[in-house]
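Have a look at the sequence and the 3D view first, then read on.

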Amino acid sequence: MAKLEAGEEIRNIRIKKVEELREKGINPYPYKFDVSHFSEDIIKEFEKLSSSEEVVSIAGRIMSVRGHGKTGFGHVMDSKGKIQVYIREDQAGKEGIEIFKMLDIGDFIGIKGKVFKTKTGEITIVVNELTLLAKAIRPLPIVKEKEEDGEVTVYDAFSDKEQRYRQRYLDLLVNPDVREVFVTRSKIISFIRRYLENLGYLEVETPVLQPIYGGAFARPFMTHLNVLNMKLYLRIADELYLKRLVIGGIEKVFEISKDFRNEGMDRKHNPELTMLEFYEAYKDYNYIMELVEDMLSNVTREVCGTMKIKYKNMDIDLTPPWEKLKYYDSIKKFTGIDVEKYDLNDLKKIAKDNDIEIEDFWDRGKIIEKIFDEKVEDNLINPVFLTDYPIDISPLTKIHREKEGIVERFEVIIAGGELANAFSELNDPIDQRQRFLKQMEMRDKGDEEAQVLDEDFLTAMEYGMPPMGGVGIGIDRLVMLLTNSPSIRDVIFFPAMRPKA
RNA sequence: GGGCCUGUAGCUCAGGUGGUAGAGCAGCGGCCUUUUAAGCCGUUGGUCGAAGGUUCGAAUCCUUCCAGGCUCACCA
């Protein structure tokens, strides 16, 4: 042992117990155990199980122990909940009691026995056979609960956020709410998948490793492919590959994927994030708006039981129809500034007058976007479709059919945050090339997040791309909203953390 | 990156105008055949985030560093 670590003593005692068990002929790590019921089933089917005197078998971790000499109580936790077990020597034998006395909280055990109710009315399994399934040699954080008039008071909750994120398995074991959040996350993703499949969408997988990254504004992660001695990027979006597939005739396509953005980490950002993107040929952004509204309001009802939810201290109603507001009108509404009337120099001055920091090389669109982010976004609590964005900040979006300088794009803002971003997709290859060139110009001027010209993508487009609508939806943000989680770290099992010192 | 705050036993936390540490739970040894924050008796356990400094003496004061939280900025 190179170094004595904290808790070494407890660990040594437990290792000694493992040896003792082996000496007694008990395998502390056997291979299997047949489970007949989950804890929850036993509680639900109690009447039947107790009158038939059926022997049930369950497995799980022992989470509390109360010994009483030749008897003892404890709670066993499995994937569906907890149930009390009661052991007594005249039922489980001397060996049973012996094993029971050597148990530590956190050990996996298997129980065979009949179901009954204690005199305090708790459904309990009386142990006929106790099998140790796996000995734990580190102590679990102990959480004690007291139930009084239906109110559960938690003592010594495992609450250190750093440790909870770093050792999520402990967090999951000990804090039941955490599991709930992730179960909901899974339900949300599964609902969306079914929803799109029912509409005839095909789920696909496109490259994570890309020679040229694109489809969003973000700094990428870089890596290297040894065999071809080439630089590769981890994707920041799926967009350009999914569009290639639509070009290839897959007219309704979606992907749920991890994207990677080499940017700051905070309550709303994690370097790897889960993104849903879907594209449908022959549709425009109006259609996508309807679809997104229907999908998100229904997934909300599915997992929350209602479309009226609470997020932090906000009451949010996702019942359709959602408000529609033109992007420029939203700025007018909350700042009084009619950005359309001003040219680049005017806007620079307005930004300065409003204490909005901008870079010299920025174009109109970037400045307008910044004004929006600073002054408008936080005010939008209930779902709103913001429509018709400046062309400068939307290089993959088709120009507006009626008005110059803007594009057919919308974002969904809920609770002051962007949840979805969608376009009538640009399918004119000549225009697309121009937009890329403009982005390259911005990059040369110092915009590190400007998009990169993708010749291979342009080639694909030049073979003909149907008109289409498409959208990207941040799944982590959606899960945050629907589980009332204030931080993105609460909806990602293993959020990015600095390595421990 | 800025500001504020935190880091003491396995967990949750006290202590702190400087005199090398405490509680509850967990653990360990007992007693106990319906307990449930079980109880009762006894008891172990900590280089007080790290390093350096001031001092006769530092968990406490100072500096730097590390990790984290909140917040602002940045961030499609």
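## A greasy hole

The second largest cavity has a volume of about 40 Å³. Keep in mind that this is a predicted model. Which residues line this second largest cavity? They are Ile62, Val85, Tyr86, Ile87, Phe100, Leu103, Ile109, Ile111, Val127 and Leu130. Sort that lining by class and you get ten nonpolar residues, no polar ones and no charged ones.

Where does the lining come from? Strand 3, strand 4 (108-117) and strand 5 (123-134) supply at least two residues each. Strand 3 gives the most, with three residues.

## The largest cavity

There are three cavities of 30 Å³ or more, and the largest has a volume of about 50 Å³. Phe217, Asp363, Lys366, Asp392, Ile393, Gln439, Met442 and Asp447 line this largest cavity. Its class count is three nonpolar, one polar and four charged residues.

## Around the RNA

Now for RNA strand B. How many residues surround it? The count is 60, and the closest are Lys119, Thr120, Lys144, Arg261 and Arg489. Of the atoms of RNA strand B that come within 4 Å of the protein, 61% belong to sugar and phosphate. The surface near RNA strand B has 29 charged, 18 nonpolar and 13 polar residues.

Let's zoom in on some contacts. In Lys119, a side-chain N or O atom is 2.9 Å from a sugar or linking oxygen of RNA strand B. Glu9 has a polar side-chain atom 3.4 Å from a sugar or linking oxygen of the RNA. Ile393, one of the residues lining the largest cavity, has a backbone N or O atom 2.4 Å from a base nitrogen of RNA strand B. Several elements give two or more residues to the surface near the RNA, including helix 1 (8-23), strand 6 (144-148), helix 12 (364-375) and strand 18 (406-414). Helix 5 provides the largest share of that surface, five residues.

Strands of a sheet pair through backbone hydrogen bonds, and the pairing can be parallel or antiparallel. Which is it for the open sheet with the strand order 9-11-10? The pairing is antiparallel. Strand 9 (209-210) and strand 10 (222-225) are the edge strands, and each pairs on one side only.

Strand 10 and strand 11 (residues 230-234) pair over four bridges.

Notes
Residues numbered from 1 in each chain as written. Chains lettered and ligands numbered in written order. Predicted model: local features only at pLDDT ≥ 70, side-chain atom pairs only at ≥ 80, totals over all residues. Heavy atoms only, no water. Near = heavy atom within 4 Å. Polar contact = N/O pair within 3.5 Å; in protein donor to acceptor, adjacent residues only side chain to side chain. Nonpolar A, V, L, I, M, F, W, Y, C, P; charged D, E, K, R; others polar. Pairing = 2+ DSSP bridges. 1 Å grid on protein atoms, 1.4 Å probe; cavity = no way out; pocket = protein on both sides within 12 Å on 5 of 7 lines; lining within 4 Å. Points joined across faces, edges and corners; volume = space filled by probe spheres on them.
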